[in-house]
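I opened this notebook to record how the secondary structure elements of the chain are arranged. I looked up the overall fold, then the individual contacts.

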Amino acid sequence: MESLQGLMQRAALIAAAVTIVATAGLHSILGERRLITPLIRTSDGVMRSDLAATVLRLAWHFTSILMILSAALLLLQPTRTTIAAIGATYFAVGLLDGLFTRGRHIGWLPLTLSGALTLAALL
């Protein structure tokens, strides 16, 4: 039988993973709709190149895939080092996003929350 501490750690990791996957989904869908497609349609500057447009789209969605991978690592290989690295990264990136965008970018909050939930699993 798993200890209460183990159950709380597992719950925090599941909550973090769900938050990360939801954030990744919104990143792909809303980013494609509100940023990538309009930017590519401008055909200005580097966007005149089909290769640049393709690489931009690929890099954008690859970020979402990496987010999902990090969520999977939290559930499948939750070593203390993995938890600390992923948690600190999401927490720091979320705070920096909030700071640099003055809270105008919607992603700062779920990124910070993902980091906080992940780091809570270490307590």
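**Entry 1: overall layout.** I noted at the outset that this is a predicted model. I counted the elements and found 4 helices and 0 strands. Reading along the sequence, I wrote the pattern down as α-α-α-α. I then looked up the extent of the C-alpha trace, which spans about 60 × 30 × 20 Å along its principal axes.

**Entry 2: helix α1.** I looked up α1, which covers residues 4–42 and has 39 residues. From its first C-alpha to its last it reaches 55 Å, close to the 57 Å expected at 1.5 Å a residue. I also checked its course for bends and recorded a kink of about 55 degrees, centred on Glu32. After the helix comes Ser43, for which I noted a positive phi, near 55 degrees.

**Entry 3: α1 against α4.** I asked how the axes of α1 and α4 cross. They come within 8 Å, at a crossing angle of roughly 160 degrees. The two helices are therefore roughly antiparallel to each other, and I recorded their crossing as left-handed. On the α1 side, the contact is made by Ala12, Ala15, Ala16, Thr19, Ile20 and Thr23. On the α4 side I listed Pro110, Leu111, Leu113, Ser114, Leu117, Thr118 and Ala120. Sorting this contact by class gave 9 nonpolar, 4 polar and no charged residues.

**Entry 4: α2 against α3.** I turned next to α2 (residues 50–76) and its crossing with α3. Their axes come within 10 Å and cross at roughly 145 degrees. This crossing is left-handed. From α2, the contact draws on Met67, Ser70, Leu73 and Leu74, and from α3 on Thr82, Ile83, Ile86 and Tyr90. I sorted these residues into 6 nonpolar, 2 polar and no charged.

**Entry 5: α3 against α4.** I then looked up α3 (residues 80–100) and α4 (residues 108–120), whose axes come within 7 Å and cross at roughly 155 degrees. An angle over 145 degrees counts as roughly antiparallel, and α3 and α4 are therefore placed in that class. I noted a left-handed crossing for this pair. Which residues of α3 meet α4? I listed Ile83, Ala84, Ile86, Gly87, Ala88, Tyr90, Phe91, Val93, Gly94, Leu95, Asp97 and Gly98. Their partners in α4 are Trp108, Leu111, Thr112, Ser114, Gly115, Ala116, Thr118 and Leu119. By class, the contact divides into 12 nonpolar, 7 polar and 1 charged.

**Entry 6: residues in two contacts.** I compared the lists for α4. Leu111, Ser114 and Thr118 are named in the contact with α1 and also in the contact with α3.

Terms used
Residues numbered from 1 in each chain as written. Predicted model: local features only at pLDDT ≥ 70, side-chain atom pairs only at ≥ 80, totals over all residues. Heavy atoms only, no water. Axes fitted to C-alpha atoms, helices over the stretch in contact; angles between N-to-C directions. Parallel < 35°, antiparallel > 145°, perpendicular 65-115°, else oblique. Left-handed = near helix turned anticlockwise from the far one by under 90°. Contact = heavy atoms within 4.5 Å. Nonpolar A, V, L, I, M, F, W, Y, C, P; charged D, E, K, R; others polar. Expected span 1.5 Å × (residues − 1). Bend = angle between axes of the 7 residues up to and from the residue.
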